[in-house]
Every structure is written in C-alpha cells, then in structure tokens.
Amino acid sequence: MVRKALVLAAGTLIATAFPAMAQQPLCTERSEVVNQLTSQYSEAPVAMGIANNGGVVEILSSQTGTSWTIILTMPNGVTCMIAAGENWESLPAMTSIDPPA
C-alpha cells in the first residue's frame with residue numbers, strides 16, 4: 001500500500017510541475033525513486049555531482065529528453081525528488097565561459 005501511494009505521489013508530483021515542492025519534497029529510498037522513474041518515464045542518470053552538504057545530486061532524463069528529474073541522495077541513503085520537467089536538452093561541453101576575443 002505504501003509503495004502504491006509512493007508511485008501515485010511521484011507521478012502526480014512530476015505531472016504537476018512541482019508548485020508544492022518548496023513545501024515538502026518527496027523522499028524515500030534511492031532504488032524506489034530510480035525504479036519508478038525508469039519504469040514509468042524511461043529515465044536514466046545522465047549527470048551527477050557532489051553537493052556541498054555531502055549529498056549526491058543526479059539528473060535523470062529519458063533518452064529522447066521528453067522528461068527529466070533531479071534527485072538528491074543524502075549520505076544516510078534517503079533520496080528526495082527536487083525538480084522535474086520536460087524537454088531536457090544536453091549542451092556541448094564548454095571549454096571557456098569567457099567571450100571570444
């Protein structure tokens with residue numbers, strides 16, 4: 001029952017563009033979050049980094065870019081969905097942020 005509620009909450013959260021996310025993010029085990037995003041939205045990790053608080057920030061996106069999600073996994077293993085949206089586009093790596101001379 002809890003798993004069904006989580007799946008429903010995750011789907012609703014992603015579909016509504018997160019107006020309430022600033023109030024209370026959806027958090028659970030990382031494997032549950034990734035499995036849900038993979039099975040329902042065909043998302044897979046495309047980027048990651050370590051946040052100042054020691055958490056791992058991951059961006060997951062569908063191969064076509066139709067959906068994306070940002071998650072944060074804390075050192076204690078709890079993962080929270082931070083943001084989600086549509087039309088993800090990977091940009092080429094920049095060698096410099098300075099304008100050409």
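These legends go with several close-up views of a predicted model.

Residues count from 1 along each chain as its sequence is written. Since this is a prediction, local features need pLDDT of at least 70 and side-chain atom pairs count only at pLDDT 80 or more, while totals for chains, interfaces and linings use all residues; side-chain values rest on heavy atoms, with hydrogens and water left out.

**View 1. The structure's one disulfide.** A disulfide here is a pair of cysteine sulfur atoms within 2.5 Å. Cys27 and Cys80 make the bond, with their sulfur atoms 1.9 Å apart. It ties together distant parts of the chain, 53 residues apart: Cys27 sits in strand E1 (residues 26–29) and Cys80 in strand E5 (residues 78–85). Helices (H or I, at least four residues) and strands (E, at least two) are DSSP runs, numbered from the N terminus. The S-S torsion is about 105 degrees, so the disulfide is right-handed. Cys80 is buried at 13% relative accessible area, whereas Cys27, at 34%, is partly exposed. For these words, buried means under 20% relative accessible area, exposed over 50%, and partly exposed in between (1.4 Å probe, protein chains only).

**View 2. The largest nonpolar core.** Seven residues build it: Leu26, Val33, Val34, Leu37, Leu60, Ile71 and Met81. Helix H2 (residues 30–41) gives the largest share, three residues. A nonpolar core is a set of buried Ala, Val, Leu, Ile, Met, Phe, Trp, Tyr and Cys residues joined through side-chain atoms within 4.5 Å.

**View 3. Thr73 and its partner Thr79.** Thr73 belongs to strand E4 (residues 68–73) and is buried, at 12% relative accessible area. Its side chain meets that of Thr79 in a polar contact of 2.8 Å; the term covers N or O pairs within 3.5 Å, where within protein one atom must be able to donate a hydrogen and the other to accept it, and residues adjacent in sequence count only if both atoms are side-chain atoms. Leaving aside neighbours within four places in sequence, Thr73 also touches residues including Arg30, Gly55 and Glu58.

**View 4. Ser67 in a loop.** Ser67 lies between strands E3 (56–62) and E4 and is buried, at 8%. The C-alpha atoms of Ser67 and Glu86 are 4.3 Å apart.

Terms used: Contact = heavy atoms within 4.5 Å.
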